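These are my notebook entries on a structure that I had not examined before. I set down what I looked up, entry by entry.

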Amino acid sequence: MADRVVAKIAAQAAREALRGPSRPKDGGAPHATVAVRHDIARVRISLELDYPSDIGQQCGAVRRRVSERVRALAGMDVPEVAVLVERLRPAPATPARGRAQEGAT
């Protein structure tokens with residue numbers, strides 16, 4: 001299987017791992033580079049994350065999901081998934097709950 005096909009699988013898996021509140025809303029999509037040798041894929045994922053957030057947890061989730069999906073869809077062992085956080089984006093501000101709006105009577 002071609003490196004670029006495995007890279008697409010890995011990038012999609014990283015997107016799946018980051019769905020939800022931790023995924024940057026306006027950030028770039030994860031990008032993967034892969035080196036395949038025999039039935040072994042070494043993967044490198046570059047991504048952007050919101051901050052503040054649990055960066056270690058998010059990177060761990062990406063590693064697990066990428067490894068699982070590449071193994072399931074490409075039939076390759078994945079001994080290494082390197083996650084490179086290229087950018088931390090400020091998390092979008094959420095309106096405070098329970099506060100009175102200005103000008104409300």
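**Entry 1: the hairpin**

Which residue is the bridge partner of A32 in β2? I looked it up and found I45. I note at the outset that the model is predicted.

I then turned to the two strands concerned. β1 and β2 run antiparallel and are joined by 7 bridges. Together they make a hairpin, with 2 residues between the strands. In that turn, H38 has a positive phi of about 60 degrees.

**Entry 2: the chain as a whole**

I next listed the secondary structure and recorded 2 helices and 3 strands. Read from the N terminus, the order of elements is α-β-β-α-β. The chain has 105 residues, of which 33% count as buried. I looked up its accessible surface, which comes to about 7000 Å², with 49% belonging to carbon and sulfur atoms. Of the contacts between residues at least 6 apart in sequence, 68% join residues at least 24 apart.

**Entry 3: the sheet**

In what order do the strands stand in the sheet? The order is β1-β2-β3, in an open sheet of mixed pairing. β1 (31–37) and β3 (77–90) each have a single partner strand and stand at the edges, so one side of each has no neighbour in the sheet. I recorded an average twist of 15 degrees from one strand to the next.

For the other pairing, I found that β2 (residues 40–51) and β3 run parallel and are joined by 11 bridges. One of the pairs I checked there is Y51, whose bridge partner in β3 is P90.

**Entry 4: Y51**

I stayed with Y51, which is placed in strand β2. Is Y51 buried or partly exposed? Its relative accessibility is 46%, and it therefore counts as partly exposed; the range for that class lies between 20% and 50%. Setting aside neighbours within four places in sequence, I listed L88, R89, P90 and A91 as the contacts of Y51. I also looked up P92, which is 41 residues from Y51 in sequence and 9.2 Å from it in space, C-alpha to C-alpha.

**Entry 5: helix α1**

Helix α1 (residues 3–17) lies across β1 and β2, and I noted an angle of about 135 degrees to β1. α1 has 15 residues, and from first C-alpha to last it reaches 21 Å, close to the 21 Å expected at 1.5 Å a residue. Its buried residues are V6, A7, I9, A10, A11, A13 and A14. I asked what covers these buried residues, and the cover includes β1, β2 and α2.

I recalled one general point while reading that list. An α-helix has 3.6 residues a turn, so residues three or four places apart point the same way.

**Entry 6: helix α2**

Helix α2 (residues 55–74) lies across β2 and β3 and runs at about 140 degrees to β3. I checked its length: the 20 residues should span 28 Å at 1.5 Å a residue, and the end C-alpha atoms are 28 Å apart, which agrees. Among the buried residues of α2 I noted Q58, C59, V62, V66 and V70. The buried residues of this helix pack against α1, β2 and β3. Just after α2, G75 takes a positive phi of about 70 degrees.

**Entry 7: M76**

M76 lies in the loop between α2 and β3. Is M76 buried or exposed? At 3% relative accessibility, M76 counts as buried, because the cut-off is under 20%. Apart from neighbours within four places in sequence, M76 is in contact with M1, V6, V36, D39, A41, V70 and R71. I looked up V6 in particular: M76 and V6 are 70 residues apart in sequence and 9.3 Å apart in space, C-alpha to C-alpha.

**Entry 8: the nonpolar core**

Which residues touch the most other members of the largest nonpolar core? In this core of 24 residues, they are V43, I45, V62, V66 and V70. α1, β1, β2, α2 and β3 each give two or more residues to the core. The largest share, 7 residues, comes from α1.

I closed with V43. Not counting residues up to four places away in sequence, V43 touches A10, T33, V34, V66, V78, E80, V81 and A82.

Note on methods:
Residues numbered from 1 in each chain as written. Predicted model: local features only at pLDDT ≥ 70, side-chain atom pairs only at ≥ 80, totals over all residues. Heavy atoms only, no water. Pairing = 2+ DSSP bridges. Helix = DSSP H or I, 4+ residues; strand = E, 2+ residues; numbered from the N terminus. Axes fitted to C-alpha atoms, helices over the stretch in contact; angles between N-to-C directions. Contact = heavy atoms within 4.5 Å. Expected span 1.5 Å × (residues − 1). Buried < 20%, exposed > 50% of the residue type's maximum accessible area, 1.4 Å probe, protein only. Core = buried A, V, L, I, M, F, W, Y, C linked by side-chain atoms within 4.5 Å. Areas by Shrake-Rupley, 256 points an atom, 1.4 Å probe, with all protein chains shown as cover.
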